[in-house]
Amino acid sequence: PIVSNYDIKYYNQETILGGTELGLKSYPVFNSPYEVGDAMIDAGFNLVSLATNHTLDRGEKAVLSSRNYWNNKSNVLAVGSYSSTEERNEVHILKKNNITYTMLNYTYGTNGIKVPSGKEYLVNVWPCTGNNPDTDTKYQEYKNIVKEDINRVRDKVDVLIVAMHWGTEYEFTPNKYQEDMAKFLSDNGVDIIIGTHPHVIQPITYINNTLVIYSLGNFISAHEVVNTANRVGLMVSLDIEKDSTTSKISINNLESELL
């Protein structure tokens, strides 16, 4: 009933949908059935992020199985994990009410599971390997890749959304990497940043004209209770409006609801 009121309906698919044939697995290396995706699509969700720290939990075979599942859902845009470089670099432009949009998606890491060499398309990683973004050479180098991705789509759409799997679990405030990433994305023209991974709610703010939702918390989860806060999720709603004369985009009627 909530999502039916909106045109674009986003959620983060934390675990890989490798399907039952690969064997269902729980923590710490997950594999979930396709029916999880079916249920979320039936609920109305149509914009999905796939790049998380669990994307490689069951290896390349599960990623390809997941990608095959999402590729057969014609009314859903699922991003962040792919079956080839060509697929990763495709530009998917969607349009609603004369407003065009797309989404990019990155994760800070993959729980120490190495991305196969030459198959970086399996999951978009913006690696955070140290304690300080200013001195993290690998992190800084990958900004060039993120910027290339943004440049590939920025002038083709009215609204650019970036879903970020980032931050420190169970922390209520953004860490230095999140703040640096958010500023970098804002400086490069991203309109909306949606954050996941901390499993608790973090602030919603603006950096210049960029809306930053640092963490939505948990939505549907069997997460062990670390504290009561990781049983709480946030649904955020907003209106995107386009000026008919200038084509300028504005975000209005921003609201949030605890679950």
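Which residue forms a salt bridge with Lys183? In this predicted model, the partner is Asp187, with the closest N and O atoms 2.8 Å apart. A salt bridge is defined here as a side-chain nitrogen of Lys or Arg within 4 Å of a carboxyl oxygen of Asp or Glu. Asp187 and Lys183 are 4 residues apart in helix α5, so about one helical turn separates them. Helices (H or I, at least four residues) and strands (E, at least two) are DSSP runs, numbered from the N terminus. Asp187 is partly exposed, at a relative accessible area of 47%. Lys183 is also partly exposed, with a value of 47%. Buried means under 20% relative accessible area, exposed over 50%, and partly exposed in between (1.4 Å probe, protein chains only).

The model is predicted: local features need pLDDT of at least 70, side-chain atom pairs count only at pLDDT 80 or more, and totals for chains, interfaces and linings use all residues. Residues are numbered from 1 along each chain as its sequence is written, and side-chain values use heavy atoms, with hydrogens and water left out.

By the salt-bridge rule, the count comes to 10. One of these pairs Asp38 with Lys73 through their side chains (3.5 Å, N to O). Asp38 is partly exposed, with a relative accessible area of 27%. Lys73 is likewise partly exposed, at 26%.

A further salt bridge joins Lys242 to Asp158, and their closest N and O atoms are 3.1 Å apart. Here too the pair links distant parts of the chain, 84 residues apart. Lys242 belongs to strand β10 (residues 234–242). Asp158 sits in the loop between α4 and β6 (159–165). Lys242 is partly exposed, with a relative accessible area of 29%. Asp158, in contrast, counts as buried at 17% relative accessibility.

Helix α5 also packs against another helix. The axes of α4 (residues 137–153) and α5 come within 11 Å and cross at roughly 35 degrees. Axes are lines fitted to C-alpha atoms, for helices over the stretch in contact, and angles run from 0 to 180 degrees between N-to-C directions. The crossing of α4 and α5 is right-handed. A crossing is right-handed if the near helix is turned clockwise from the far one by less than a right angle, and left-handed if anticlockwise. From α4, the residues Tyr139, Gln140, Lys143, Val146, Lys147 and Ile150 take part. They meet Tyr177, Asp180, Met181, Phe184 and Leu185 of α5. Contact means heavy atoms within 4.5 Å. By class, the contact of α4 with α5 has 7 nonpolar, 1 polar and 3 charged residues. Ala, Val, Leu, Ile, Met, Phe, Trp, Tyr, Cys and Pro count as nonpolar, Asp, Glu, Lys and Arg as charged, and the others, Gly among them, as polar.

Gln178 is placed in α5, which spans residues 176–187. Gln178 is buried, with a relative accessible area of 1%. Its side chain makes a polar contact of 2.9 Å with the side chain of Gln202. A polar contact is a pair of N or O atoms within 3.5 Å; within protein, one must be able to donate a hydrogen and the other to accept it, and residues adjacent in sequence count only if both atoms are side-chain atoms. Leaving aside residues up to four places away in sequence, Gln178 touches Trp166, Gly167, Thr168, Thr173, Gln202 and Tyr214.

Several backbone features complete the description. The peptide bond from Tyr27 to Pro28 is cis, with omega near 10 degrees. Pro28 is found in the loop between β1 (10–12) and α1. Ser247 has a positive phi of about 65 degrees, although it is not a glycine. Ser247 occupies the loop between β10 and β11 (249–258). At 38% relative accessibility, Ser247 counts as partly exposed. Asn253, in strand β11, has a positive phi near 55 degrees and is a residue other than glycine. Ser84 is placed in the loop between β3 and α3 (85–89). A polar atom of the Ser84 side chain lies 3.0 Å from the backbone nitrogen of Glu87.
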